[in-house]
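Reader: I am new to this kind of picture. Please walk me through it, one feature at a time.

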Amino acid sequence: MSSDRLRIAIVGLMCGVCTSALAQTVPAPTTPPDPPRFDAQAFPNFLGAKDLYDYEALPEYHEPDFVAAMVAKGELPPVKDRLPNEPLVFKTAAMPDGIGVYGDVMRHVVGARPEGWNFQAGQSQGWGGIDIGMFECLTRTGPLFQVRAEELEPLPNLAQSWEWSDDGLQLTMHLIEGAKWSDGAPFNADDVMFYWEDNILDPNLTPVTGTTQETFGAGTTLEKVDDNTVLWTFKTPFPKQVLYQMAYGDFCPGPAHLLKPEHPKYNPDNTYEDFKNAFPPEYMNYPVMGAWVPVEYRPDDIIVMRRNPYYWKVDEAGNQLPYFSEIHYKLSTWADRDVQAIAGTADISNLEQPENFVEVLKRAAEPDAPATVTFGARTIGYSLYPNLSANGWGQPDDRAQAVRELNRNIDFRKAISYGLNREAIGDSLVKGPFTAIYPGGLYAGTTYYDAASTVYYPYSAEGAKTLLEQAGLIDTDGNGFVNFPADAEGVGGQDVQITLLANTDFATDRSLADAVIAQMEQIGIKIIGRYMADNQLQAARNAGDFDWVINRNGSSLVSVVQNTAELAPTGPRVALQHRVGTDDELDLLPFEQELADVVDGFIATNDPIERIALMKTYQQLYTENLYAIGLTQYSGGHILNKRFSNVAAGLPIFLFNWDVDSIFRERMYVAADKQQDYELFPDTLPGAPGSDGPVGL
Ligand code: BQZ
């Protein structure tokens, strides 16, 4: 028997005694402390879903003067012929400042870079509102932050209306009729079916947000009924949940009239890489259903977009939206976005990196500050995700495989959690009431959160060390770091070395990685940081090429109803930290299977009481078993230039979706007397797809 096995045996033998020793060193789990009071939090003026907008034909329509002049010159059809039969009409009563006026520009800054325009085939446009502004989806959820809880259901968007069959196994969806892409081509069911059949169902392609057929329920099918109608068929009755998946990022079809000729199924000369890269960022005037079209791209500098002359939304006076004829996306860093927005050289930013809070709030407090900062609920949360697969996902070598085995050991995961001083982590980001201790799972302050169901392993370095020993990890060579047991395959007796993936696009991700590395060292675990830019990190993460990864959580843990399936390993390639391996099997731990069953149960029921109960069970399972390990939770601030109108109160930077969706940019405006002269291409409209730049008077 090996020496350390002997040591553990002796420890075990003495267990009569040590259980109490263990109890002494490892504090009992508790519920997390309540988050500090956060008086800066603003609250929405809740309203009904139908109060926001509806679809109807209006007696007359209007457009900016320069567009009317182009119509007069015969360069464009009249506005009524560019609009659908029943445009989407924003209700004035729900517009905080009412009907707006045309003019001015909204200036954004983004911290990532566009890979190309083929979002549906997996290319990122640089985030920060670019993709959300270009690609409209079947339903819409961002604006739901202001909708009364009892009326909460995804809003119609490209899908104007829908009805369920009596047995609830079919959903007939009516698309907006007569709408057009920004180049004038008709939008219809063929665009929807191309996205479904030749992107989602095509195993060679994965949309940016990782959409799969399972996203809409295992075995779900979709078929075209006619040009404006599609029919969904489900395996379980009334899966109303699925309407949330038809919103941003999972069902936002691209222009089939442009994409299909490049797809290998229809163009055998093209490979899937050719198709994915067929529309690089240099390709201008890419057809969209969104309010603005890219007309100018200067690498590492700026993307300029001009109004979509066929945009299918109006205000109650019949003014075709948007009110801004131009928007900018400056290509810089996420941190610079805050700096520029509070300085007034940009107009909008999500203050999502606590490292910037103090400086920004100091400037915002000055009377001549060009922008305001408003805080919503604490909906930004970071967690540490240990890779839980031991089935070959990501082709782990011996060391990585040994780490996976540890990750799957509850004592090891508890040791990590006890070893994390979350209060210190929060304070290392920003002092004050912003951050809260976050054990993991659902967030305090959100709809389905239940404190009593939340298990919190309070900070205790001693407790952590005891649990590491319990997991068979002892510092056998006395260098301060624990070692693998001598008989561990290929790594016996070596220091336990764990790599930690972290995103370099965000200072917060790096700060958290540094804190985790330092605190793990305190308990004897050696962590090596692997720092990568976002696109690279996503590729490594999706390939399973990681031991641990730090992740800013998505909307599922905030809203529960959005991306619900992602709350657990409900499918082969759904969970961030556990996917099928080389044997195409998911080697779930028993609690993971329970989590998946609870989430499937939540999706399958519409009973609000049952749902609340299910989420209590979910929270208990998640936090007790440390499905992922929470690091911190805080509210982000929304920086917005003071000259903008029609901004709803209590906007969270992130809930069902990001601010840039929730805020309705298409109905925001600047009053005439406040308008600035920032337009780079005044009086121009997008040109033909692929042509250079906009076309003007
Ligand atoms: C907001 C958002 C709009 C992606 C991205 C970025 C990527 C993730 C996430 C956020 C950026 C901004 O978030 O940080 O404030 O503007 O764009 O899309 O974090 O790295 O992969 O999921 O949305």
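Author: Begin with a definition. A residue counts as exposed over 50% relative accessible area, as buried under 20%, and as partly exposed in between. Keep in mind that this is a predicted model.

Reader: Is aspartate 300 buried or exposed?

Author: Aspartate 300 has a relative accessible area of 57%, so it is exposed. Look for it in the loop between strand E10 (292–298) and strand E11 (302–307).

Reader: Where is tryptophan 127, and what is its phi?

Author: Tryptophan 127 is in the loop between strand E3 (105–110) and helix H5 (130–134). Its phi is positive, near 60 degrees. Tryptophan 127 has a relative accessible area of 22%, so it counts as partly exposed.

Reader: Which peptide bond is cis?

Author: Go to leucine 321 and proline 322. The bond between them is cis, with omega near 5 degrees. Proline 322 belongs to the loop between strand E12 (313–315) and strand E13 (326–331).

Reader: Now helices. How many residues does helix H6 have, and how far does it reach?

Author: To read a helix, compare its span with the expected one, at 1.5 Å a residue. Helix H6 (residues 189–200) has 12 residues. From first C-alpha to last it reaches 15 Å, close to the 16 Å expected.

Reader: How many residues of H6 are buried?

Author: 10 of the 12 are buried, so H6 is largely enclosed by the rest of the structure. Among them are Val192, Met193, Phe194, Tyr195 and Trp196. Asp191, Asp198 and Asn199 are also buried.

Reader: What covers those buried residues of H6?

Author: The cover includes strand E7 (170–175), strand E8 (221–226) and strand E9 (229–233). It also includes helix H8 (256–259) and helix H9 (272–276).

Reader: Which residue caps the N-terminal end of H6?

Author: Asparagine 188 does. One of its side-chain oxygens lies 2.8 Å from the backbone nitrogen of aspartate 190.

Reader: How does helix H20 read?

Author: Helix H20 (residues 608–625) has 18 residues. It reaches 26 Å between its end C-alpha atoms, close to the 26 Å expected. At its start, a side-chain oxygen of aspartate 607 comes within 2.8 Å of the backbone nitrogen of isoleucine 609. After H20 comes leucine 626, with a positive phi near 55 degrees.

Reader: Which residues of H20 are buried, and what do they pack against?

Author: The buried residues include Arg611, Leu614, Met615, Tyr618 and Tyr622. The buried residues of H20 pack against strand E16 (380–386), helix H13 (410–419), helix H18 (556–559) and helix H19 (590–604).

Reader: What lies between H18 and H19?

Author: Glutamine 577 lies in the loop there. Its relative accessible area is 1%, so glutamine 577 is buried. A polar atom of its side chain lies 2.9 Å from the backbone oxygen of tyrosine 627. Glutamine 577 also contacts residues beyond four places in sequence, including Tyr385, Pro386, Trp393, Phe546 and Ala628.

Reader: Where is aspartate 34, and is it buried or exposed?

Author: Aspartate 34 is in the loop between helix H2 (15–25) and strand E1 (53–55). At 68% relative accessibility, it counts as exposed. Its C-alpha is 19 Å from that of tyrosine 622, although the two are 588 residues apart along the chain.

Reader: Last, the ligand. Which residues come nearest to it?

Author: There are 13 residues around the ligand, and Arg337, Glu352, Asp534, Gln538 and Arg552 come nearest. By type, the shell has 5 nonpolar, 4 polar and 4 charged residues.

Reader: Which side chains have polar atoms by the ligand's oxygen atoms?

Author: Aspartate 534 has a polar side-chain atom 2.7 Å from a ligand oxygen. For arginine 552 the distance is 2.8 Å. For tryptophan 658 it is 3.0 Å, from a side-chain N or O atom. The protein covers 87% of the 460 Å² of accessible area that the ligand has on its own. Helix H10 (334–343) and helix H17 (534–542) each give two or more residues to the shell.

Key. Residues numbered from 1 in each chain as written. Predicted model: local features only at pLDDT ≥ 70, side-chain atom pairs only at ≥ 80, totals over all residues. Heavy atoms only, no water. Near = heavy atom within 4 Å. Polar contact = N/O pair within 3.5 Å; in protein donor to acceptor, adjacent residues only side chain to side chain. Areas by Shrake-Rupley, 256 points an atom, 1.4 Å probe, with all protein chains shown as cover. Helix = DSSP H or I, 4+ residues; strand = E, 2+ residues; numbered from the N terminus. Nonpolar A, V, L, I, M, F, W, Y, C, P; charged D, E, K, R; others polar. Expected span 1.5 Å × (residues − 1). Buried < 20%, exposed > 50% of the residue type's maximum accessible area, 1.4 Å probe, protein only. Contact = heavy atoms within 4.5 Å.
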